Amino acid sequence: MLIDSHVNLHAPAYYRDLDDVMHRAREKGVQVMVTICCRMNEFARALAITEMYDDVWCTLGIHPHHAADDPEITPEILTALADHPKVIGIGETGLDYHYDYSPREDQLTNLRTHAEVARRTGLPLVLHTREADEDMMAFLQAENAGEDFSFILHSYTSGEALARLAAERGGYFSVNGIASFRNAGEVRGVIANIMPMDRIILETDCPYLAPVPKRGRRNEPSYLSYINDCLGAIKGIPPTETAKQTAHNFFELFPRAVSSKQVESS
Ligand SMILES: [Zn+2]
């Protein structure tokens, strides 16, 4: 079984052929997916998709790109919405100083609000971080990440120091198609040398970031096997093993998914 921990199945990119996309995912052994909410006005559709497919879960959050759109959002509002059994994580939130679509102050406020929700709900925080290593390190330490709440750095492209700190604090990492790109030697180095194998999970981040040999196309969960193969090559482990280990890690990080799985199978 492969688990795609970060998809955007509610995106307009799949409005026309979602059933076909899901069918191809199942044919390739992808059986669990998490559709990631990035703004409040897409939460309803993300949740609706989890109700259409038993093995699809979702998160609740506001992406740093959209941090300035919802200045009124409070931990109370998010905590109440996160009560739904299909919501298994908080985010994605984080810091993106590459695009700076929202002012950095708004991004930091948004991030702290989400951390408070993770603390209150016991759900893991899904973090996006790009060209913000210093501030992300300060955040993880100030908020006692790893102790007060669990967290994952998704689509990791940041530096070694942040990866080391996150690993020391018990953080998880997700590997995606970037690891297969020819110019991503530094990312592969961080995966090989710093990310502990028992803290790595897989994602496509579809419809973005299709892995080699599909690079440039619309991405979809059925391409996850290319990413799993790539992880195996980087770590020097057979892909059957990386599939097993990453699935195990996923349920460690997202316990609400496992408890619901047990409910369904009992
Ligand atoms: Zn992201």
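Which residue of β7 stands opposite Ile152? The residue is Tyr172. The structure is a predicted model, in which local features need pLDDT of at least 70, side-chain atom pairs count only at pLDDT 80 or more, and totals for chains, interfaces and linings use all residues. Residues are numbered from 1 along each chain as its sequence is written.

**The sheet**

Eight strands form an open sheet in the order β1-β2-β3-β4-β5-β6-β7-β8, and their pairing is parallel. The edges are held by β1 (2–7) and β8, each with a single partner strand, so one side of each is left without a neighbour in the sheet. On average, neighbouring strands of this sheet are turned by 30 degrees against each other, direction ignored; the axes are lines fitted to C-alpha atoms, for helices over the stretch in contact, and angles run from 0 to 180 degrees between N-to-C directions. Strands (E, at least two residues) and helices (H or I, at least four residues) are DSSP runs numbered from the N terminus. Two strands count as paired if DSSP finds at least two bridges between them. Strands of a sheet pair through backbone hydrogen bonds, either parallel or antiparallel.

| Strand pair | Bridges | Direction |
|---|---|---|
| β5 (residues 125–130) and β6 | Three | parallel |
| β6 (residues 151–153) and β7 | Two | parallel |
| β7 and β8 (residues 200–202) | Three | parallel |

Leu125 has Phe151 of β6 as its bridge partner, and Phe173 is partnered by Ile200 in β8.

**Strand β7 and its crossovers**

Strand β7 (residues 172–175) is covered on both faces: Tyr172 and Ser174 are buried on one side, Phe173 and Val175 on the other. A residue is buried if 20 or more other C-beta atoms, placed from the backbone, lie within 10 Å of its own, exposed if 12 or fewer do, and partly exposed in between.

A right-handed β-α-β unit is made by β6, helix α6 (residues 160–168) and β7. The chain then crosses from β7 through helix α7 (residues 185–193) to β8, again as a right-handed β-α-β crossover. Right-handed means that, with the strands pointing away from the viewer, the path from the first strand over the helix to the second runs clockwise.

**Helix α2**

In helix α2 (residues 43–52), Phe43, Ala46, Ile49 and Thr50 are buried. They lie on the same side of α2 because they cover an arc of only 125 degrees around the axis, taken from the directions from the helix axis to the C-beta atoms. On the other side of α2, Ala44, Glu51 and Met52 are exposed. The cover over the buried residues of α2 includes β2 (30–35), β3 (56–60) and α3 (75–81), contact being defined by C-beta atoms, placed from the backbone, that lie within 7 Å.

Definitions and conventions
Contact = placed C-beta atoms within 7 Å.
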